[in-house]
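Morning, everyone. I have one structure to show today.

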Amino acid sequence: MKQIDLMYQTMLAELGQRSLDAAWTADFPPEGRFTPVTVKDRRYWYFDIPDGTGGRTRRYVGPADDPDIAKRVETHKREKDDLRARRRMVASLTREGGMIAPDSMTGDIVEALSAAGLFRLRGVLIGTVAFQTYAGILGVRLPMAALLTGDADIAQDYAISREVEDTLPPMLELLQSLDPTFIPVPHRSGAASSSAFRTANGYRVEFLTSNRGSDDYLDPPAKMPALGGARADPLRFLDFLIRDPVRTMLLHKSGVPVTVPAPERYAVHKLIVASRRHNNVQGAAKRDKDIRQAELLFEALQQTRRASDLALVYNEAWERGPQWQEAIRAGAGMMREEGLDRLRDCLTYGAIQIGEDITMPF
């Protein structure tokens, strides 16, 4: 597995810091511009923002001779320059550095959710879109075949959603501002509220939350006060995946700060969920993708000397009991021999590093 040059890993860290700094200045977004207007021999500042249909909306700011406003205008100019610089950084990271950019639809959706406050409200980007960010986190190039997706999955812990006392804008309206064909997907339980939304061409956005109880209690979708009216499907094992998430960048436009699961948790979780896929054509395809992504992350974690990270979360999952152990064994049984050897070596070395015994799943 080819490593990404240290120069590009450093550039990603710099992009992340600059993007987070820029996120605090949302009053005057970088796609807009300050425009001076003279009214009765006096100059005023207005702020023009594209409306997405070729026109613009104009907002009054204040008199041009106000020193505080003049400072804002100058700051905005610098931020626009920084935006252009960040776009160039993203281009370098994806074209030359070997990191992964999402497709435009996914990038626009995650960007809109981020701007609306999803990650501030401790949402976590999961699934293949999160997997795409691991090239930058681990500093290795990942094969494109394991990165393709037609959906975006978002998770949030129910207790967090209930306790933050804040919420996203109405979810359906937010999604329809990006694609007016978004509609709620009827839930299998018949519940009135939906946990998923889909476009006319099949792109899907789904919200998930953790379920620590029996599989008998998966329906109906959970009410999530912070998700702008969307509900979330409760799933077993999800609390393990989204515990202690990490911050990184989605390489879209000028960079989108996101929160994703730690790669070692993602890898172990993929073994577990692979064992629980339905035995139909769609389930088999998802199962193959789960195993492939897990194998790639085991290889990357071994290569980047993060075996101890894998050993710690593996033991955490194993110690949760017989059902977890059965799922891990079943997932490991689907791996190729080469992948099993790599997992065995990584866990063996990791166990030595953390000073704990590990029970192999094979």
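First, a term: accessible areas here come from the Shrake-Rupley method with a 1.4 Å probe. On that basis, the accessible surface of the protein is about 18000 Å². Carbon and sulfur atoms hold 49% of that surface. Keep in mind that this is a predicted model.

Now the overall build. We have 13 helices and 12 strands. The radius of gyration is 23 Å, close to the 21 Å that the globule rule gives for 362 residues, so the protein is as compact as a globular protein of that length. The C-alpha trace spans about 80 × 50 × 35 Å along its principal axes. Of the 362 residues, 50% count as buried.

On to charges. There are 48 positive and 49 negative side chains. The centres of those two sets lie 4 Å apart. How many salt bridges does the count come to? The count is 25.

Let me pick some out. Arg265 and Asp244 meet at 3.9 Å, N to O. This pair links distant parts of the chain, 21 residues apart. Arg265 sits in helix 9, and Asp244 in the loop between helix 8 and strand 11. Arg265 is buried, at 5% relative accessible area. Both residues belong to a network of salt bridges that also includes Asp239, Arg243, Glu316 and Arg320.

Next, Asp290 and Arg277: their closest N and O atoms are 2.8 Å apart. Asp290 is buried, at 2%, whereas Arg277 is partly exposed, at 27%.

Last, Arg342 and Glu338 form a salt bridge at 3.4 Å. They are four residues apart in helix 13, so about one helical turn separates them.

Note on methods:
Residues are numbered from 1 along each chain as its sequence is written. This is a predicted model: local features need pLDDT of at least 70, side-chain atom pairs count only at pLDDT 80 or more; totals for chains, interfaces and linings use all residues. Side-chain values use heavy atoms; hydrogens and water are left out. Helices (H or I, at least four residues) and strands (E, at least two) are DSSP runs, numbered from the N terminus. The radius of gyration is taken over C-alpha atoms; the globule rule is 2.2 Å times the number of residues to the power 0.38. Buried means under 20% relative accessible area, exposed over 50%, partly exposed in between (1.4 Å probe, protein chains only). Lys and Arg count as positive and Asp and Glu as negative; His and the chain ends are not counted. The place of a charge is taken as NZ of Lys, CZ of Arg, CG of Asp or CD of Glu. A salt bridge is a side-chain nitrogen of Lys or Arg within 4 Å of a carboxyl oxygen of Asp or Glu.
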